[in-house]
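Grab a pencil and work through the exercises below with the viewer open. Each one has a task, then a solution in steps.

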Amino acid sequence: MLNTHRRLSGVVPVGFGVALHLGTLLYGNVGTSERLDFTVVGATVNVAARIEGLCKALGHSILFSEAFAEAYEGELTSLGEHTLRGVQAKQKIFTLASFKEAAG
């Protein structure tokens with residue numbers, strides 16, 4: 001809705017991409033006392049990042065993994081199976097049934 005208003009006003013839409021996935025990951029501080037970063041690592045993080053990378057190509061700002069879709073109680077639309085770099089098996093990707101705003 002924000003981007004619809006922006007387009008009608010002649011303003012450039014805000015582009016974004018979000019991916020939701022469920023799985024196990026590791027988190028914590030990594031680094032030295034001079035440079036300490038809080039981070040997350042693991043296959044789950046990789047899958048989520050790769051799915052987010054599909055937002056622009058698939059024309060949807062919000063994408064979901066099959067694992068998330070199985071736990072979600074709302075209505076989703078399947079966007080088919082996709083190969084994700086660094087992920088062995090093809091992944092089924094979904095988006096919200098009523099949300100069609102394309103990623104910028």
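**Exercise 1.** Find which residue of β6 stands opposite phenylalanine 64, and work out how the strands around it pair.

*Solution.* Step 1: phenylalanine 64 stands opposite phenylalanine 94 in β6. Before going further, note that this is a predicted model, where local features need pLDDT of at least 70, side-chain atom pairs count only at pLDDT 80 or more, and totals for chains, interfaces and linings use all residues. Residues are numbered from 1 along each chain as its sequence is written, and side-chain values use heavy atoms, with hydrogens and water left out.

Step 2: β4 and β6 run antiparallel to each other, paired over two bridges. Strands here are DSSP runs of E with at least two residues, helices are runs of H or I with at least four, and both are numbered from the N terminus. Two strands pair if DSSP finds at least two bridges between them.

Step 3: β4 also pairs with strand β1 (residues 18-20), this time in the parallel sense and over three bridges. There, alanine 19 sits opposite leucine 63 of β4.

Step 4: now look at the side chains. Ile62 and Phe64 point one way from β4, Leu63 and Ser65 point the other way, and all are buried. Buried means under 20% relative accessible area, exposed means over 50%, and partly exposed is in between (1.4 Å probe, protein chains only).

**Exercise 2.** Which residues do ring pairs link into a cluster with Phe64?

*Solution.* Step 1: count the aromatic pairs, and you get four in the structure. In one of them, phenylalanine 64 and phenylalanine 68 are stacked, at 5.1 Å centre to centre with 20° between the planes. The rule: rings of Phe, Tyr and Trp (its six-membered ring) pair if their centres lie within 6.5 Å; planes under 30 degrees apart count as stacked, over 60 as edge-to-face and the rest as tilted.

Step 2: ring pairs link Phe64, Phe68 and Tyr72 into a cluster.

Step 3: check the burial. Phenylalanine 64 has a relative accessible area of 3%, so it is buried; phenylalanine 68 is buried too, at 18%.

**Exercise 3.** Which side chains meet in the salt bridges, and how exposed are they?

*Solution.* Step 1: there are two salt bridges to find, each a side-chain nitrogen of Lys or Arg within 4 Å of a carboxyl oxygen of Asp or Glu.

Step 2: lysine 92 bridges to glutamate 66, with the closest N and O atoms 3.9 Å apart. Lysine 92 lies in strand β6 (residues 91-96) and glutamate 66 in helix α4 (residues 66-71), so the pair ties together parts that are 26 residues apart in sequence. Lysine 92 is partly exposed at 35%, and glutamate 66 is partly exposed at 30%.

Step 3: arginine 35 and aspartate 37 make a salt bridge at 3.7 Å, N to O. Arginine 35 is exposed, at 60% relative accessibility, while aspartate 37 is partly exposed at 36%.

**Exercise 4.** Serine 61 and serine 33: is each one buried or exposed?

*Solution.* Step 1: serine 61 lies in the loop between α3 (55-58) and β4 (62-65). With a relative accessible area of 1%, serine 61 is buried. A polar atom of its side chain lies 3.4 Å from the backbone oxygen of phenylalanine 16.

Step 2: serine 33 is in the loop between β2 (26-31) and β3. At 70% relative accessibility, serine 33 is exposed.

Methods: Polar contact = N/O pair within 3.5 Å; in protein donor to acceptor, adjacent residues only side chain to side chain.
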